Amino acid sequence: MTKGASKKIEPVQKPFLRGHVKDERTWKNAVVFFGLILLASVMCFLVCSMTGLDHVVLRVLLNTVIEALVLMIFYSRGTALGTDDVARGEVLYQRQERGMETAASERAMCYHPAKGFVIGLLGTAVLFLAALVFALKTEPQALGAGVLPGWLQPYLGRDEIGGPLAYYTQTEGLQWMDMLRILIRICVIPFVSMVGTANRTGVVMVERLSPVLILLPAIAYGLGYLRGPGVRSRVHTEIAENKKRRARREKRERRARMKRSAPKGPEQLN
């Protein structure tokens, strides 16, 4: 450390009460988390659809950035909740030290390391189960028969030709696997866009990994929640640094005032 440099203040950590892994807000937060996943999936679907690229490297980079932004949003939301829960625990700890009683439900809302993961997993449970079922059943999609050319339409009424051609006019109803495929692909659209829909092997691999990919926002949320104590510690440390900085400034100003107000000695006569 160079001369005159201010000494680094040790991190300040205030004690706080620990809550329970589940409280009265858990289901509400899980529902909000589920809604955010659906909203983020739809937004990603729209963005990926509008920015389709043929260049593989650019496509991978773009969709990586999109997925990273989504995970950062969930990470920051988890950090915000974890910070609030730690702050609540600090307040309740101070009340407890003063001999004041706290309700069990209020104490349960304090910070718990696993709370962020529980909220994320509950909010993703429906999509995770759907992806798990779909991953076990999915197979490479076969190419369809295509559309009957217009010049063959007049031959549909002829018995000797119309029978084989009728195959092209038959349409199958939407099956439950098709509905699941639409839902899961929307939820993991950045990864589907990375491999490209033309790559059937790559798309099937993404579909089989979809249960893990769908859990990524929940994991990011839980990891963000774990930062709560660190964020509160940094806040307290900055407050302590500001107090010391202000105290040093006031001390310098006080010395300067004393120096200016000190009586001057008699002037020497020549």
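Reader: Helices (H or I, at least four residues) and strands (E, at least two) are DSSP runs, numbered from the N terminus. With that settled, which helix does S233 lie in?

Author: S233 belongs to helix α11, which covers residues 228–261. Before we go on, this is a predicted model, where local features need pLDDT of at least 70, side-chain atom pairs count only at pLDDT 80 or more, and totals for chains, interfaces and linings use all residues. Residues are numbered from 1 along each chain as its sequence is written, and side-chain values use heavy atoms, leaving out hydrogens and water.

Reader: Great, thanks! Is S233 buried or exposed?

Author: S233 counts as buried because its relative accessibility is 8%. Buried means under 20% relative accessible area, exposed over 50%, and partly exposed in between (1.4 Å probe, protein chains only).

Reader: And what does S233 touch?

Author: Leaving out residues up to four places away in sequence, S233 touches P11, V12 and Q13. A contact here is heavy atoms within 4.5 Å.

Reader: Switching to rings: how many aromatic pairs does a search of the whole structure find?

Author: Four. Rings of Phe, Tyr and Trp (its six-membered ring) pair if their centres lie within 6.5 Å; planes under 30 degrees apart are stacked, over 60 edge-to-face, and the rest tilted. One of the pairs is F33 with F74, which is tilted, at 5.0 Å centre to centre and 55 degrees between the planes. That pair joins distant parts of the chain, with F33 in helix α1 and F74 in helix α2 (residues 56–97), 41 residues apart.

Reader: Nice. Why is the pair of F33 and Y221 edge-to-face?

Author: Their planes are at 80 degrees, with ring centres 5.2 Å apart, so the pair is edge-to-face. Y221 sits in helix α10, 188 residues from F33. F33 is buried at 3% relative accessible area, and Y221 is buried at 7%.

Reader: How many of the residues in α10 are buried?

Author: Seven of its ten, so helix α10 (residues 216–225) is mostly covered. Among the buried ones are P217, Y221 and Y225. Y225 also turns up in a cluster that ring pairs form with F16 and Y111.

Reader: Last topic, the surface! Which residues form a nonpolar patch?

Author: L39, V42, M43, F45, L46, V47 and M50, with about 660 Å² of accessible area together. Areas come from the Shrake-Rupley method with a 1.4 Å probe, and for residues only the protein chains shown count as cover. Patch residues have over 30% relative accessible area and no salt bridge; like charges are joined within 9 Å, nonpolar side chains (Val, Leu, Ile, Met, Phe, Trp, Tyr) within 5 Å. A salt bridge is a side-chain nitrogen of Lys or Arg within 4 Å of a carboxyl oxygen of Asp or Glu.

Reader: Where is V42 found?

Author: In helix α1 (residues 26–50). V42 counts as partly exposed because its relative accessibility is 43%.
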